[in-house]
Each structure stands twice: as C-alpha cells, then as structure tokens.
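Subject: Structure handover

Hello,

Here is the structure for you to look over. My notes follow below it.

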Amino acid sequence: MEIIRCEGVKKVYGSGAGQVTALAGIDLSLEKGEFAAVMGASGSGKSTLLHILGSVDKPTEGKVYVDGEEITSMKAAKAAVFRRRKVGIVYQFYNLIPTLTVRKNILLPLSLDGREVNQEFFEEVAETLGIQDKLDALPGQLSGGQQQRAAIARALIYRPAIVLADEPTGNLDRKNAEEIVDLFRVSNRKLNQTILLVTHDEKAALAADRIITLEDGRIAGDRKRR
C-alpha cells in the first residue's frame with residue numbers, strides 16, 4: 001500500500017538573481033511499512049522535501065499525496081489537523097514542553113484532538129523506547145537521548161501514516177545516536193511504522209532498508225538494501 005507519492009515536486013525560493021531552486025522535480029513513492037533514509041549534502045533539498053511531505057511547507061509546483069490524500073492544496077488549518085493525525089515529525093531538537101511531564105508530552109497529540117488513550121499501545125510504545133520509568137519526570141530531568149526517545153514516542157502515539165525524522169541524531173553523541181537509530185528500526189519492525197529518516201550520517205542511513213540520495217534538489221540515487 002502506497003503511503004507517500006510525490007509528483008513533479010519543485011520548490012523555488014526568492015526571485016530574479018536571488019532565486020534558489022531547492023527541489024527541481026521530485027517523483028517519489030513510499031510504501032507502508034518501509035524504513036527509508038534520505039541522504040545528501042547540505043543544501044541538497046533534504047529538509048525542504050521533508051517539510052513538504054509533512055505539510056509544513058508547500059511546493060512551488062507538483063503534488064504530494066499522503067495516505068491517499070492530496071495535501072498540497074490544503075488550507076493551513078486543515079493541514080495542521082492532518083499533520084497532527086497523519087504525520088509524526090521528529091526534529092533534531094526535541095521540542096518537548098518543559099512544564100509537562102513526559103507522559104503528558106507524549107499524549108499531547110491525542111489531548112489536542114480529544115481522543116481517548118489506548119493504554120495498551122501507550123505502554124507498548126513506552127516500553128519499546130525504554131522510557132517507561134521516566135513518564136512522570138519533566139523533560140529537564142532527562143538526558144538528551146531520553147528526551148529524543150520521548151519525542152519519538154509522541155510522534156508514534158497517534159499511529160501516524162508516516163514518521164518523518166529530520167536529523168534526529170544531530171544533537172546527540174555517537175552512543176545515543178546509534179541507540180536512537182536502533183529504536184527507529186525497532187519501531188519499524190515491531191510497530192510496523194513507516195519511517196522516512198533525513199540524515200547526513202551515512203552510518204545512520206545504513207540502518208534503513210532503502211537509501212534515497214539527493215543532489216541539487218534531484219534524486220541522484222534510490223536503492224533498496226533489503
């Protein structure tokens with residue numbers, strides 16, 4: 001089942017002499033249950049692509065479909081709801097609310113929607129990510145690696161169509177970075193979560209089943225490893 005489809009996606013910033021083409025025509029498809037990594041040098045268009053897939057930004061041209069819905073023409077309010085329900089986003093910086101416990105941070109997407117908590121799934125996510133003993137702590141009481149685990153749990157709790165991870169290990173030391181990448185693999189395998197990981201770290205990318213390489217806003221390589 002196809003979860004993401006991009007058709008001729010272009011993104012241009014500025015105009016005239018200052019015009020910059022971040023994406024120069026991306027055609028891409030991602031199936032349910034895939035764990036794919038997007039690699040490329042700084043300025044290759046990795047983060048721009050992720051922001052468009054997550055409906056945080058809109059392309060200049062082209063269309064994007066997520067879980068069967070065309071998202072590029074959505075109004076801002078509808079896109080925000082769609083993003084909360086269908087797309088889990090994990091950034092380099094954890095973006096946890098410091099005054100809320102880890103438990104409340106994880107459950108925030110459900111709270112915003114007035115949804116009941118599936119306690120069994122919540123406990124499975126917390127156990128899978130190894131933070132079941134940190135749920136009543138505040139983010140400031142956690143290490144960087146633990147905070148990133150909480151951010152991943154928050155992205156998973158709604159069972160989104162896809163999790164988009166933008167350089168999620170960039171703020172971590174090597175040991176914690178390897179653990180976080182391993183947790184993405186576990187989430188993919190155990191929870192059947194579709195994941196797109198944007199990274200400049202080749203070692204992190206090698207954990208994925210598919211590696212997509214961007215150069216100058218174009219797909220320069222796309223290979224499956226398994």
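Contact here means heavy atoms within 4.5 Å. This is a predicted model, in which local features need pLDDT of at least 70, side-chain atom pairs count only at pLDDT 80 or more, and totals for chains, interfaces and linings use all residues. Residues are numbered from 1 along each chain as its sequence is written, and side-chain values use heavy atoms, with hydrogens and water left out.

Threonine 128

Threonine 128 touches Leu183, Val186 and Lys190, leaving aside residues up to four places away in sequence. Threonine 128 sits in helix 4 (residues 119–128). Helices (H or I, at least four residues) and strands (E, at least two) are DSSP runs, numbered from the N terminus. The relative accessible area of threonine 128 is 11%, so it is buried. The terms run as follows: buried is under 20% relative accessible area, exposed is over 50%, and partly exposed is in between (1.4 Å probe, protein chains only). The side chains of threonine 128 and lysine 190 make a polar contact of 3.3 Å. A polar contact is a pair of N or O atoms within 3.5 Å; within protein, one must be able to donate a hydrogen and the other to accept it, and residues adjacent in sequence count only if both atoms are side-chain atoms.

Cores

In soluble globular proteins, nonpolar side chains tend to be buried together. A nonpolar core is a set of buried Ala, Val, Leu, Ile, Met, Phe, Trp, Tyr and Cys residues joined through side-chain atoms within 4.5 Å. The largest one has 43 residues, and Ile106, Leu129, Ile131 and Phe184 have the most contacts inside it. Elements that give it two or more residues include strand 3 (35–39), strand 7 (162–166), helix 6 (174–190) and strand 8 (195–198). Helix 5 gives the most, with six residues. A second, separate core has 29 residues, among them Leu30, Ile71, Ala161 and Leu164.

Isoleucine 131 touches Val102, Ile106, Ala126, Gln146, Arg149, Ala150 and Ala153, again not counting residues up to four places away in sequence.

Pockets

A pocket is found on a 1 Å grid over the protein atoms alone: it is an open set of points where a 1.4 Å probe fits, with protein on both sides within 12 Å along at least five of seven lines, and lining residues have an atom within 4 Å of a point. Grid points are joined across faces, edges and corners, and a volume is the space filled by probe spheres set on the points.

The largest pocket has a volume of about 390 Å³. It is lined by 15 residues, and Arg84, Val87, Ile89, Pro109 and Arg154 are the closest to its centre. Helix 2 (76–86), strand 6 (87–90), helix 3 (102–113) and helix 5 (144–156) each give two or more residues to this lining. By class, the lining of the largest pocket holds 10 nonpolar, two polar and three charged residues. Ala, Val, Leu, Ile, Met, Phe, Trp, Tyr, Cys and Pro count as nonpolar, Asp, Glu, Lys and Arg as charged, and the others, Gly among them, as polar.

The second largest pocket holds about 190 Å³. Of its 13 lining residues, Lys32, Arg159, Pro160, Asn192 and Gln193 are the closest to the centre. The lining of the second largest pocket has seven nonpolar, three polar and three charged residues.

Positive phi

Most residues other than glycine have a negative phi. Glutamate 167 is not a glycine, yet its phi is positive, at about 50°. Glutamate 167 lies in the loop between strand 7 and helix 6, and is buried at 13% relative accessible area. Asparagine 192 also has a positive phi, near 55°. Asparagine 192 is in the loop between helix 6 and strand 8. Its relative accessible area is 42%, so asparagine 192 is partly exposed.

Other sites

Glutamate 34 is in the loop between strand 2 (20–31) and strand 3. Glutamate 34 is buried, with a relative accessible area of 12%. Beyond four places in sequence, its contacts are Ser29, Asn188, Gln193, Thr194, Ile195, Arg210 and Lys224.

Leucine 100 is in the loop between strand 6 and helix 3. Leucine 100 is partly exposed, at 23%.

Best wishes
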